[in-house]
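Keep the model open beside the text.

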Amino acid sequence: MQVKVNISNEIIDWLMANVQIDSLPNNVSSNLKLWRAGKKTPTFNQIENASKATGVPFGYFFLQTPPTENLSLVDYRTVDSAALENPSRNLVEIIHNMELVQEWAREHLISESNSAISFVGALKRQENVQMFADSVRKILRISDGWFSKSQTTEEYFRLMRSVISNSGVIVMMSGIVGNNTRRPLDINEFRAFTLIDEFAPLIFINSNDSVNGRLFSLLHEFAHICIGENSLFNDRYGTEKKIKKTEVICNAVAAEIIAPQALFIKKWETEYHGAEAECRIQALAKFFRCGITVIARKALDNKFIDNLLYEKIAKDAAEQYNARRKKHKGGDYYRTAVSRIDKRFFEMLLESVKEGKTLYSDAFRLTNTNRRTFAEIAKKQGAFLDE
């Protein structure tokens with residue numbers, strides 16, 4: 001016999017206001033409506049199913065009044081958005097998961113007598129984009145021609161992620177919540193976010209974005225770390241005008257690292273002189289191993305094109321990516337699992353597990369893995385779990 005329980009109407013109202021009802025399985029959305037109308041009393045199994053589908057913790061269903069959640073990161077969004085007044089449960093949960101990762105890393109690093117990272121907040125007063133970008137290159141130990149080390153944007157992103165990770169920043173990435181493919185992260189809601197900490201600053205990249213978008217977001221968020229300010233990057237197409245001064249600087253720094261101004265001008269005015277603007281932009285995007293929108297933005301900022309053409313290029317690029325993404329299916333499970341986790345963080349965690357300082361269960365929880373997946377990730381990184 002199934003035990004039935006009552007749920008407070010206040011909790012049901014809160015649930016329905018904070019989840020995307022239309023995206024839920026039919027049985028779950030139907031149950032929520034029937035519970036609220038008093039036409040049905042839920043069972044524990046139905047509540048458990050609703051918890052999994054909505055991302056709302058199981059215990060919340062038994063409260064009498066709605067919980068108070070810390071959503072302070074939403075206040076740091078790049079662009080004010082009505083949609084983010086009530087952030088999705090997917091965003092709330094992924095932020096919470098990354099806070100747990102950061103908390104573990106911070107405690108571990110302090111216990112191992114590591115020092116605070118000197119560049120966190122070091123450039124908070126720097127408003128000169130060129131000087132800011134030069135400082136970033138110095139911190140990361142890269143040259144202004146570093147892009148030439150890569151053949152593709154994908155390779156460029158991997159190398160840049162590795163360099164930033166080795167500098168002391170945890171760089172995590174995923175396109176879903178945990179391992180639930182039915183809970184994708186919406187790039188229209190956010191592209192990336194940053195959680196500031198002097199010992200364990202963390203960048204999270206939404207992997208549903210294009211690789212060009214990921215590269216830009218990574219550098220944009222690293223600039224935020226140098227400023228020392230949290231960030232929720234939700235400027236989807238780079239066309240927003242009413243954004244904070246800090247965001248303008250971070251965008252410009254990211255663009256300068258990707259396509260240095262002096263070289264950009266030289267290429268535009270000499271090597272590609274005489275070609276149509278769009279042809280020049282395409283050629284320069286290929287040369288700098290980056291997205292066409294970044295180059296179009298630099299062309300706009302240099303008054304080589306007008307805003308109408310820039311917005312057209314940005315919109316077309318987004319539509320083309322969305323069309324390609326719809327055709328993409330699946331991928332290698334373990335390769336994807338490896339890509340989600342910062343390599344340096346995983347190495348710290350694995351060593352802590354081997355030394356008996358961290359439980360396997362905690363390691364699996366922090367990495368959204370089980371023993372088999374955790375062991376496979378370790379193997380792909382040249383390490384092995386103790387049997």
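The turns below cover cysteines, salt bridges and a surface patch.

This is a predicted model: local features need pLDDT of at least 70, side-chain atom pairs count only at pLDDT 80 or more, and totals for chains, interfaces and linings use all residues. Residues are numbered from 1 along each chain as its sequence is written, and side-chain values use heavy atoms, with hydrogens and water left out.

Q: How many disulfides does the rule count?
A: A disulfide is a covalent bond between the sulfur atoms of two cysteines. The rule asks for a pair of cysteine sulfur atoms within 2.5 Å. By this rule the count is zero.

Q: Which cysteine holds the sulfur closest to that of Cys250?
A: Cys250 is buried at 0% relative accessibility (buried is under 20% relative accessible area, exposed over 50%, partly exposed in between; 1.4 Å probe, protein chains only). The closest cysteine sulfur is 8.8 Å away, too far for a bond. That sulfur belongs to Cys226.

Q: How many salt bridges does a search of the whole structure find?
A: Side chains of opposite charge can pair when their charged atoms come close. Here a salt bridge needs a side-chain nitrogen of Lys or Arg within 4 Å of a carboxyl oxygen of Asp or Glu. Asp134, Arg137, Glu256 and Lys298 are linked in a network of such bridges. The search of the whole structure finds 16.

Q: Which residue forms a salt bridge with Glu112?
A: Glu112 is partly exposed at 38% relative accessible area. The closest N and O atoms are 3.1 Å apart, and the partner is Lys357.

Q: In which helix do Asp301 and Arg297 both lie?
A: Their side chains meet in a salt bridge, 3.2 Å from N to O. The two are four residues apart, about one turn of the helix. Helices are DSSP runs (H or I, at least four residues), numbered from the N terminus. This one is H11.

Q: What accessible area do Phe44, Phe58 and Phe62 have together?
A: Patch residues have over 30% relative accessible area and no salt bridge; like charges are joined within 9 Å, nonpolar side chains (Val, Leu, Ile, Met, Phe, Trp, Tyr) within 5 Å. Phe62 is partly exposed at 34%. Areas come from the Shrake-Rupley method with a 1.4 Å probe; for residues, only the protein chains shown count as cover. The three form a nonpolar surface patch of about 250 Å².
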